[in-house]
Amino acid sequence: MGGFFRIPSDLQHSYLGLVGWHLQEALIPVLFGLLIALPLGQLCARYRWLYAPMLGITTVFYALPSLAFFVVLIDYTGLSDTTVEIPLTVYSLVVLIPAIIDGVRSVPEETNAAATAMGFGPVRRYLQVDLPIAVPAIFAGLRVATVSSISLVSVGALIGNEGALGNLLADANFYHRPILAWSSVVTTAVLAILIDGLLVLLRRLLTPWAVR
Amino acid sequence: MNLLHFVNAFFNDSARWHGADGIPQRLWEHVQYSLMALGIAGAIGLPIGLVTGHTGRGGNVLALLATAARALPSFGLLVLLTILMGLGLTPVMVPLVALAVPPMLVTTYEAVRTVDRSLVDAARGMGMSPLRVLWQVEVPVALPLILSGIRSSAIQIVSTATIAAYVSFGGLGRYIVDGLYQVDYVKVVGGATLVAALALVTLGLFWLAGRVFVSPGVRRQQR
């Protein structure tokens with residue numbers, strides 16, 4: 001187990017440093033994805049004809065292999081975290097937009113009518129009625145998006161040490177230290193499961209009324 | 001435009017269309033890996049999804065397994081298995097299958113479980129055996145959703161099979177990985193275009209499968 005936490009110095013990071021970097025590269029895209037998907041999902045829920053083309057466009061982007069997406073972006077954003085984060089943001093949209101539409105549609109008509117009757121304006125109704133009721137569906141999407149994002153960051157290692165924990169994989173080959181590959185895979189998987197657990201916890205806190 | 005220029009240069013080079021590193025050969029390899037991974041994943045995910053969906057039990061265990069499988073980083077798994085087992089098809093197939101099982105499994109389970117109960121009750125009342133209820137009622141009604149699950153698995157496989165090239169396998173990823181190391185952007189962009197095109201063709205095939213296999217009554221209901 002000696003080398004599990006001992007990171008070769010060429011990566012210029014400690015073990016915890018890599019973990020932090022990995023989380024940053026994985027979670028920022030999901031956050032941006034959510035910020036983009038919320039208004040888009042709302043729009044699709046209101047104008048139903050928008051849904052099919054929107055889903056089509058995001059699916060086409062999803063079909064682009066992450067590696068190719070990274071490489072093409074190098075021309076524009078250089079060898080930086082942004083190059084990894086842009087594709088991951090786009091991928092997260094494919095999962096998040098349908099989840100948000102599901103969530104918004106799961107709000108019963110009567111609930112909306114009641115809110116309107118109580119004098120809620122559209123913004124207040126959205127924030128205090130629609131969004132909370134949509135939380136379980138949104139979180140279902142958020143969990144899938146987050147876990148795949150954490151797993152995908154590693155591919156960034158291929159474009160030259162932009163993969164955080166994934167960078168350990170190349171070093172495992174260079175230095176013939178399989179323990180580094182174990183470290184990369186196990187840590188990434190544990191991170192994904194931990195963050196997934198945190199999201200489940202957060203959902204429970206946000207929906208205290210839900211039946212368990 | 002920059003990108004289009006690359007694409008043009010790639011496909012207009014007639015040398016690209018022949019030999020072991022030619023487009024037809026690489027495309028065929030890619031299709032082979034993808035079909036094999038999809039077949040294995042389907043053989044695992046579909047039966048389990050159908051049975052658990054039919055009985056309506058085990059949803060929590062499935063969700064847990066699916067999360068665990070999703071948490072495995074495909075690229076890391078590929079490199080780790082190659083280090084442990086040497087070059088071979090198994091290190092390539094395991095990550096692809098692990099990637100493809102969760103969407104199929106979870107969607108199939110949900111699709112079969114949420115089939116209108118009154119339909120299932122009617123079928124039982126007509127004296128159908130559980131197996132016939134599954135095959136003749138639940139599967140046809142759930143088919144659009146089941147297909148969508150297989151579709152997202154297939155697309156993820158097609159786009160992820162590119163990483164097989166990193167451990168010296170063939171497929172369209174060869175162009176991307178080789179191009180990256182040779183700083184040959186024409187190659188990279190060409191490879192990416194081919195993978196994206198293959199994924200789009202896959203989308204189209206599933207759309208077609210939906211038209212052919214989903215019964216017209218079920219299709220009408222969906223709108």
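Modeller: Here are a few labels and the reasoning behind them, and keep in mind that this is a predicted model.

Biologist: Okay, why is Arg174(B) called buried?

Modeller: Arg174(B) has 23 C-beta neighbours inside 10 Å. The cut-off for buried is 20 or more, so Arg174(B) counts as buried.

Biologist: And where does Arg174(B) sit?

Modeller: In helix α8 of chain B. Leaving out residues up to four places away in sequence, Arg174(B) touches Asp21(B), Arg26(B) and Ala165(B).

Biologist: What makes Ala100(B) stand out in the largest nonpolar core?

Modeller: That core has 117 residues, and Ala100(B) is one of those that touch the most other members, along with Ala68(A), Leu96(A) and Ile176(B). Helix α5 of chain B, residues 89-113, gives the core its largest share, 13 residues. Setting aside neighbours within four places in sequence, Ala100(B) is in contact with residues including Ala37(B), Leu38(B) and Ile157(B). Contact here means C-beta atoms within 7 Å.

Biologist: How many residues does each chain bring to the contact between A and B?

Modeller: Chain A brings 31 residues and chain B brings 31 residues. On the chain B side, α9(B) provides the largest share, with 9 residues.

Biologist: Which classes do the residues on that side of chain B fall into?

Modeller: There are 23 nonpolar, 7 polar and 1 charged.

Definitions and conventions: Residues are numbered from 1 along each chain as its sequence is written. Chains are lettered from A and ligands numbered from 1 in the order in which they are written. This is a predicted model: local features need pLDDT of at least 70, side-chain atom pairs count only at pLDDT 80 or more; totals for chains, interfaces and linings use all residues. Two residues are in contact if their C-beta atoms, placed from the backbone, lie within 7 Å. Helices (H or I, at least four residues) and strands (E, at least two) are DSSP runs, numbered from the N terminus. Ala, Val, Leu, Ile, Met, Phe, Trp, Tyr, Cys and Pro count as nonpolar, Asp, Glu, Lys and Arg as charged, and the others, Gly among them, as polar. A residue is buried if 20 or more other C-beta atoms lie within 10 Å of its own, exposed if 12 or fewer, and partly exposed in between; C-beta atoms are placed from the backbone. A nonpolar core is a set of buried Ala, Val, Leu, Ile, Met, Phe, Trp, Tyr and Cys residues joined through C-beta atoms within 7 Å.
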